[in-house]
Structures are given as structure tokens and as C-alpha cells.
Amino acid sequence: MYGEGMTDPRPGTGVSDGPALEATRLDAYFALMEAVSLLQHRLEQQLHAEGGISYVQFQLLARLSARGQLTMTDLADGVVYSRSGLTYQAGLLEKAGLITRAPSPDDERATLVTITDDGRALLGRVMPGHIQVTRLLLDPLSDQDVDQLRDIMTRVRDHMRAQPPRSAAPRKPRPSPA
């Protein structure tokens, strides 16, 4: 991309404001990003073909199936998705009869989301194919590799999640019409 130092020669890009990554870290970064992109693409294809849903919709259904009823904010934080994007996706799932949304009896500002029987059935239909695609990532690894990968990625995830969740970020004001 920008050579060994991962710096961008264009002024004002901010890429070169910090120390450069050494070659091994840069190689690890690009290998990770390429593997994630390849896996994400295959998962999107499989979920669309077998269930007519996107990966984000799958994440919402899977999280609701595993954890039960959740608020929209909890879902947005859990799947790392914007509030507005999640509202749109939840609307599509609700229209398809896969989830329900209702006001929370405990907090008038919160909306509770629940997976329906149809949502669970769809999840059951796409899960075997989802597991098969996931094996593309895990099959080349030994059990020890998987343990190390889990430990490493748990540390990385926890470090990145130590930042405030997206749902806690203030909304940007909309530009006024000109």
C-alpha cells in the first residue's frame, strides 16, 4: 500500500502522524483484513442465498436467539452498527415477521426487540451453511492455533471495546438546508 512504514505521502491524511508499523505488524494487519474480507463475502453470499438475509440481520437474529429480548441500544453495541442502520435493519426483520419491537415497560425511551418463532426457524435453516463457511477460517488451524486465535482476538476485541460504544457517541447535527 504505502510501503513498509505505512505512511501516506499526501499532506493532511493523518496516516503519518504516528509511528510507522514495522513490516511484520503491517503484514499481520493486511493478512487479517484480507481474511476477514474474504470470509465476510462468503458469509454474505451464503446467508443471502439460503435465507434472504444480510450478515447484520443474521447477527441480530443470532444475538436475540442466544440472549433473549434486548434493547435496540444493546443490539447496536453488540453488533457494532449505527443506531440508524440498526433501526432500518430491524424494520426489515420486523416486516418479514422475524422479530418484534415494543416499548420497554421499564424505560419509555427504550425499545425491546424479540426474535419470533419464524426468526428462530430461519436461523435454524441458515446455521448449517453458516457453520460450513466458518470452517474456511478454522479448518486450516490446529486446536492449539484455535485456542491462540481465540485468546488473541479476545484481547484485541476487549481492547477495542474499551472505547465508548458507538451508541454512546453524540449524534452529529444534520447540516441545515441551504
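Modeller: Before you ask: angles from 65 to 115 degrees between two axes count as roughly perpendicular. Also, this is a predicted model.

Biologist: Fine. At what angle do α3 and α4 cross?

Modeller: Helix α3 (residues 72-79) and helix α4 (residues 83-95) cross at roughly 110 degrees, and their axes come within 10 Å. The two are therefore roughly perpendicular to each other.

Biologist: Which residues in α3 and α4 meet?

Modeller: On the α3 side there are M72, L75, A76 and V79; they meet L86, T87 and A90 in α4. By class, that contact has 6 nonpolar residues, 1 polar and no charged ones.

Biologist: Now α1 and α5. How do their axes cross?

Modeller: The axes of α1 (residues 23-51) and α5 (residues 117-138) cross at roughly 155 degrees and come within 9 Å. Angles over 145 count as roughly antiparallel, and α1 and α5 are therefore roughly antiparallel to each other.

Biologist: Is that crossing left-handed or right-handed?

Modeller: The crossing of α1 and α5 is right-handed. Residues of α1 in the contact include L39, L43 and L47, and those of α5 include L122, V126 and V133. By class, the contact has 8 nonpolar, 5 polar and 3 charged residues.

Biologist: Switching to strands. What is the order in the sheet?

Modeller: The order is β1-β3-β2, in an open sheet of 3 strands with antiparallel pairing.

Biologist: Which strands stand at the edges?

Modeller: β1 (70-71) and β2 (99-103) do; each has a single partner strand, so one side of each is left without a neighbour in the sheet.

Biologist: How many bridges join β2 to β3?

Modeller: There are 5 bridges between β2 and β3 (residues 111-115), and these strands run antiparallel. R101 stands opposite V113 in β3.

Definitions and conventions: Residues numbered from 1 in each chain as written. Predicted model: local features only at pLDDT ≥ 70, side-chain atom pairs only at ≥ 80, totals over all residues. Heavy atoms only, no water. Axes fitted to C-alpha atoms, helices over the stretch in contact; angles between N-to-C directions. Helix = DSSP H or I, 4+ residues; strand = E, 2+ residues; numbered from the N terminus. Parallel < 35°, antiparallel > 145°, perpendicular 65-115°, else oblique. Left-handed = near helix turned anticlockwise from the far one by under 90°. Contact = heavy atoms within 4.5 Å. Nonpolar A, V, L, I, M, F, W, Y, C, P; charged D, E, K, R; others polar. Pairing = 2+ DSSP bridges.
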